Amino acid sequence: GNNAYIFPGVGLGVVVGRIRHVTEGMLRAAAHALAGQVTDEDMAAGCLYPPLSKIRHVSARIAVAVVKEAQASGLTTAELGADTLAKVQQAMYTPVYDDLARL
């Protein structure tokens, strides 16, 4: 779960929040954000994590939790305003590929 969910979300939060030091509190916030996105349906299906089809949404929520923890700890220099989620989503890479022409 760390490599697929936690680390990408933490990394995104670090970049967006211009965070220089990752604390245990930020990792704990990331873990809580991930756990909070596991639905009752996921648990009933025997899944401990949200489906990978929701990875971008999950990563964004984890990043927001990391940034908010950094703000509460005074460890970010970023001024993100009220809509941190929108700033995080704007910073996310979206892979878009042009159709290849047949040669």
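**Close-up 1. Ser59 sits in helix α4 of this predicted model.** Helices are DSSP runs of H or I with at least four residues, numbered from the N terminus. Ser59 is buried, with a relative accessible area of 8%; buried means under 20% relative accessible area, exposed over 50%, and partly exposed in between (1.4 Å probe, protein chains only). Not counting residues up to four places away in sequence, Ser59 touches Tyr5, Pro8, Gly9 and Leu12, where contact means heavy atoms within 4.5 Å. From Ser59 to Tyr49 is 10 residues in sequence and 12 Å in space, C-alpha to C-alpha. A note on reading these legends: residues are numbered from 1 along each chain as its sequence is written, and side-chain values use heavy atoms, with hydrogens and water left out. Because the model is predicted, local features need pLDDT of at least 70 and side-chain atom pairs count only at pLDDT 80 or more, while totals for chains, interfaces and linings use all residues.

**Close-up 2. Tyr5 and Tyr49 form a stacked pair.** Here is the 1 aromatic pair that the structure holds. The ring centres of Tyr5 and Tyr49 are 5.4 Å apart and their planes meet at 15 degrees, so the pair is stacked. For reference, rings of Phe, Tyr and Trp (its six-membered ring) pair if their centres lie within 6.5 Å; planes under 30 degrees apart count as stacked, over 60 as edge-to-face and the rest as tilted. Because Tyr5 lies in helix α1 and Tyr49 in the loop between α3 (40-44) and α4, the pair ties together parts that are 44 residues apart in sequence. Tyr5 is buried, at a relative accessible area of 4%, whereas Tyr49 is partly exposed, at 38%.

**Close-up 3. The largest nonpolar core has 15 residues.** Such a core is a set of buried Ala, Val, Leu, Ile, Met, Phe, Trp, Tyr and Cys residues joined through side-chain atoms within 4.5 Å. Ile6, Val10, Ile19, Ala30, Leu34, Ile62 and Val66 have the most contacts inside this core. The elements giving it two or more residues are α1, α2 and α4. Take a look at Ile6: leaving aside neighbours within four places in sequence, Ile6 is in contact with Gly1, Ala30, Ala31, Leu34 and Ile62. A second, separate core of 11 residues includes Ala60, Val67, Ala78 and Met92.

**Close-up 4. Helix α2 packs its buried residues against α1 (2-17) and α4 (55-73).** Those buried residues are Gly25, Met26, Ala29, Ala30, Ala33 and Leu34. An α-helix has 3.6 residues a turn, so residues three or four places apart point the same way.

**Close-up 5. Arg18 lies in the loop between α1 and α2.** Its phi is near 50 degrees, a positive value in a residue other than glycine. Most residues other than glycine have a negative phi.

**Close-up 6. Gln37 is found in the loop between α2 and α3.** With 15% relative accessibility, Gln37 counts as buried. Beyond its neighbours within four places in sequence, Gln37 is in contact with Asp42, Pro50, His57, Val58, Arg61 and Ile62.
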